[in-house]
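Look at the sequence and structure first, then read on.

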Amino acid sequence: MARLVPLAILGYGTVGRGVLEALHAKGALAPGVDARACTVCTRCTGSAPSRTHRSRASFALARSEKRSGVVVEVMGGTSAARCAVHASCGLASTPFVTANKVLLSCYGPEARLCGLGVLAEAAVAGGLPVIAVAHRCTPAAGLSHAAGVLNSTANWVLTSMCRYGLPLRRAMLEAIARGYAEADCACDVDGTDAAQKLAVLGSWCPGAHIMPRSLYTEGMRGVRTQECACALALGLDVKLLSLVSHGGAMVAQVRPFMASSRCPVACGVGVTNAVFLAGDSTGAMWLYGRGAGRRPTAAAVCSDVVAAA
């Protein structure tokens with residue numbers, strides 16, 4: 001018989017809707033695990049689905065009911081999400097699942113200091129299990145380098161510029177129309193989104209914490225269609241790469257690169273993430289997977305819910 005795992009979902013935006021759709025579509029997420037949303041907290045009282053509780057971005061409702069087996073935070077931002085972290089600290093042994101890269105990159109140590117068990121696979125690279133691989137392999141494998149495409153929206157835009165000759169603005173509008181980017185796409189264009197993800201990924205070493213503002217960040221705003229055409233003629237691809245190295249002095253940066261079409265990172269086209277990890281014991285490994293859109297992110301959230309259950 002499947003064990004019922006009640007969820008408190010904080011946020012009903014793109015990812016929150018995707019999580020509920022996945023729950024309704026699959027029923028039991030895994031053998032023996034029946035996860036159901038008992039509470040949905042939203043910023044707007046009119047946006048929550050029927051048969052769920054509604055509030056104004058307040059975690060007090062979910063906390064007062066004491067029915068939450070797992071707390072799922074998909075609000076975004078830091079103010080309300082940070083309050084949810086502190087409120088969860090008062091709930092003994094309640095797992096906290098989040099897809100909030102901004103929260104983790106800025107206030108990740110706070111959650112660890114208060115003893116909160118945070119699962120955040122969805123915060124980096126969508127449905128790609130890069131957090132699990134990096135964090136679990138580090139003690140034994142001595143992982144010291146990570147690089148790759150962490151922003152699949154930017155990757156789709158650059159692919160469109162290189163292969164179809166679209167200018168940056170038109171490619172971004174097309175990405176928004178397809179649901180790959182938010183209406184406010186400045187974080188994707190300026191590299192802020194990739195820097196926040198890199199800060200989360202690069203903090204896998206014990207005691208390490210990288211702040212996004214400490215990274216050298218150069219987005220794709222300066223990339224021109226003519227440069228993409230030249231790169232394509234030379235057998236190269238333009239990628240917005242994120243790199244971090246813990247070997248000796250830490251080095252971390254986000255910037256556009258020209259990569260050879262024979263390089264594994266060039267195989268990640270469109271909304272595909274490609275992440276390279278290297279360690280003393282494991283050598284080099286590549287992870288590929290779809291990143292943009294609510295379905296891959298919701299799938300990663302649901303995987304964390306199963307792990308927490």
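Asp193 forms a salt bridge with Lys197, with the closest N and O atoms 3.1 Å apart in this predicted model. Both residues lie in helix α9, four residues apart, about one turn of the helix. Asp193 is buried, and Lys197 is buried too.

Asp193 also meets the side chain of Lys101 in a salt bridge of 3.0 Å, N to O. Lys101 lies in helix α4 (residues 101-113) and Asp193 in helix α9 (residues 192-202), so this pair ties together parts that are 92 residues apart in sequence. Lys101 is buried, as is Asp193.

The salt bridge count comes to five. Among them are these:

| Pair | N to O distance |
|---|---|
| Asp193 and Lys197 | 3.1 Å |
| Lys101 and Asp193 | 3.0 Å |
| Asp190 and Arg221 | 2.8 Å |

The side chains of Asp190 and Arg221 meet in a salt bridge. This pair links distant parts of the chain, 31 residues apart: Asp190 is in helix α8 (residues 186-190), and Arg221 is in the loop between β7 (216-217) and α10 (225-233). Asp190 is partly exposed, with a relative accessible area of 31%. Arg221 is partly exposed at 48%.

Now a polar contact. Which side chain does His145 join at 3.0 Å? The partner is the side chain of Ser245. His145 lies in strand β6 (residues 143-149). His145 counts as partly exposed because its relative accessibility is 33%, between the 20% and 50% cut-offs. The C-alpha atoms of His145 and Ala134 are separated by 9.9 Å, and the two residues are eleven apart along the chain.

Methods: Residues numbered from 1 in each chain as written. Predicted model: local features only at pLDDT ≥ 70, side-chain atom pairs only at ≥ 80, totals over all residues. Heavy atoms only, no water. Helix = DSSP H or I, 4+ residues; strand = E, 2+ residues; numbered from the N terminus. Buried < 20%, exposed > 50% of the residue type's maximum accessible area, 1.4 Å probe, protein only. Polar contact = N/O pair within 3.5 Å; in protein donor to acceptor, adjacent residues only side chain to side chain. Salt bridge = Lys/Arg side-chain N within 4 Å of Asp/Glu carboxyl O.
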